[in-house]
Amino acid sequence: MSRRTALASSFAGAAALALSACARGTMSLPAPSDVLSLFNDNPSWAPGFEDAGRELRTAAGYRLAPRAVPNVSNYQQIVRMSAQTDSSADLIKWWNGYRLRDVARAGILADVTPAWDEAERRGWCDDPTLRASFTSDGRQYGVPLYKSYYAVFYSKPLFARLGLEVPTTWQEFLHIVDAAHARRITPIASGGATTWESSIWFQQLLNGLDHQFYLDLTAGKRSYTDARCREAMGLWSDLYRRGAFSSPDVSASDLPGRFAQGRTAMYLYGTWNTGAFLDAGVKDADLGAFLLPPPPGGNRSVLVESGVLAVSAHAHKRGAALKAARSWLDPSVQKAWTGFLRDTSADPSVVPDVGAVRDVVAQVRDERPSQAVRYWEASPPVLIEGNVQDLSAFMIDPTAARAAQTLQSMQRRAEKEWKAWKS
């Protein structure tokens, strides 16, 4: 038995145990008559789903019963296995891009193209780039659960204390890094030595340098050993040399406290994490956010993450779930949902009353940057997950030699996995 087969067997066994446990309880049982069950991987979002569900009941006649599996790996396995049985939930939280195409090709999700058509007719969402990331073989298999921008969170009190302003150029950004470092303050919190977060700065620097190259690379049309990738890794190494980053094993859960204590100046992350700062006691007035200026010669562009609200192809209440999907982007539902999440909606008219999020939305509206799907969803899953491990290793040893080895490894994997995906 190969190592890959052995790992797959162990994961399948763990998922089978988890699924059987769910089936013994209420996880996969049909919901009451006016309720739709919703599989997701975030237990802390239950109140938000319930808030949105109350508005959804008015709009579509059904409320939501969230059923969460907090371990992401187990969650993905459970969804894949339950979709082949009568144990599937009505609605499923998933990821867009290639991760959505992966399960759509397996027949796990229902076609919700009419929901997108209706949203566009009503003016709830008119974003061709976003719609494309929900598409497989010309049809859409989910609606946007949220739309997050990757922005730099920063501590307004700390910036004021150091006499710093929001940067508009790369050189101004480097000045902030150097000023914070000189005062023994961590300029940028950046974890990811063992997680998907290792892709955050790679995607940011590469997309900022050359938006079209980023699109071509993630579509399998360019090489990881091309000059643009080497330039991005060089910028990343230079930031490490300047002392820009925290230890790579820093946890996102520790950051609100570090911000409140004035120990960290900035943090590049999805705006969906805004609520974590506010819930941990960082004041709305003290938290700011801005789009990172591009490196010299680059272009204004922003990475976008959008969760998926999908309908199970074998839902207990498929018709009702499809009706709910058509109403999910209704502004009344979105206001309740984003009010809880404190993040942006796919409907640009719905913005929560949170200063940092409003700052980012205003900057996007004024500058109209090009938008790209974040790296985690932008290429076949097996390729991305392997490359994330390589990027994690680079963060532990961010040298020029390691950068070259990292890109070579990523390209070898790309050649193999793109061939597998296309076959």
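Modeller: Let us begin with an open space, keeping in mind that this is a predicted model. Sorted by class, the lining of the second largest pocket holds 9 nonpolar, 3 polar and 6 charged residues.

Colleague: Turning from pockets to cavities, how many of 30 Å³ or more are counted?

Modeller: A cavity is a space where the probe fits but cannot get out, and the count of those of 30 Å³ or more comes to 3. The largest cavity has a volume of about 80 Å³, and its lining consists of N96, D127, T129, L130, S133, K147, V304, E305, S306, Q371, A372 and V373. At least two lining residues each are supplied by α6 (128–132), β11 (301–305) and β13 (370–373), and the largest share, 3 residues, comes from β13. By class, this lining is made up of 4 nonpolar, 5 polar and 3 charged residues.

Colleague: What is the volume of the second largest cavity, and which residues line it?

Modeller: The second largest cavity has a volume of about 60 Å³, and A189, S190, G191, E197, S198, I200, W201, Y267, L268, Y269 and M395 form its lining. Two or more of these residues come from each of α9 and β9 (264–270), and β9 gives the most, with 3 residues. The class count for the lining of the second largest cavity is 7 nonpolar, 3 polar and 1 charged.

Colleague: Now for the helices: at roughly what angle do the axes of α9 and α11 cross?

Modeller: The idea is to read the distance and the angle of the axes together, and then to look at the residues in contact. The axes of helix α9 (residues 199–209) and helix α11 (residues 227–241) come within 9 Å and cross at roughly 125 degrees. That angle is why α9 counts as oblique to α11. The crossing in which α9 passes α11 is right-handed. From α9, the residues W201, F202, L205, L206 and L209 meet R228, C229, E231, A232, M233, L235, W236 and L239 of α11. The residues of this contact divide into 11 nonpolar, no polar and 2 charged.

Colleague: How does the packing of α4 and α17 read, and what is their angle?

Modeller: Helix α4 (residues 97–105) and helix α17 (residues 381–396) pack with their axes 9 Å apart, at an angle of about 140 degrees. Angles count as roughly antiparallel when over 145 degrees, and α4 and α17 are therefore oblique to each other. Y98, R99 and D102 of α4 meet P381, I384 and E385 of α17, a contact with 3 nonpolar, no polar and 3 charged residues.

Colleague: And how do the axes of α17 and α18 cross?

Modeller: The axes of α17 and helix α18 (residues 400–422) come within 9 Å, and their crossing angle is roughly 170 degrees. The two helices, α17 and α18, are therefore roughly antiparallel to each other. In this contact, P381, V382, L383, G386, N387, D390, L391, A393 and F394 of α17 meet R402, A403, T406, S409, M410, R413, A414, E417, W418 and W421 of α18. By class, the contact of α17 with α18 comprises 11 nonpolar, 4 polar and 4 charged residues.

Methods
Residues numbered from 1 in each chain as written. Predicted model: local features only at pLDDT ≥ 70, side-chain atom pairs only at ≥ 80, totals over all residues. Heavy atoms only, no water. Axes fitted to C-alpha atoms, helices over the stretch in contact; angles between N-to-C directions. Helix = DSSP H or I, 4+ residues; strand = E, 2+ residues; numbered from the N terminus. Parallel < 35°, antiparallel > 145°, perpendicular 65-115°, else oblique. Left-handed = near helix turned anticlockwise from the far one by under 90°. Contact = heavy atoms within 4.5 Å. Nonpolar A, V, L, I, M, F, W, Y, C, P; charged D, E, K, R; others polar. 1 Å grid on protein atoms, 1.4 Å probe; cavity = no way out; pocket = protein on both sides within 12 Å on 5 of 7 lines; lining within 4 Å. Points joined across faces, edges and corners; volume = space filled by probe spheres on them.
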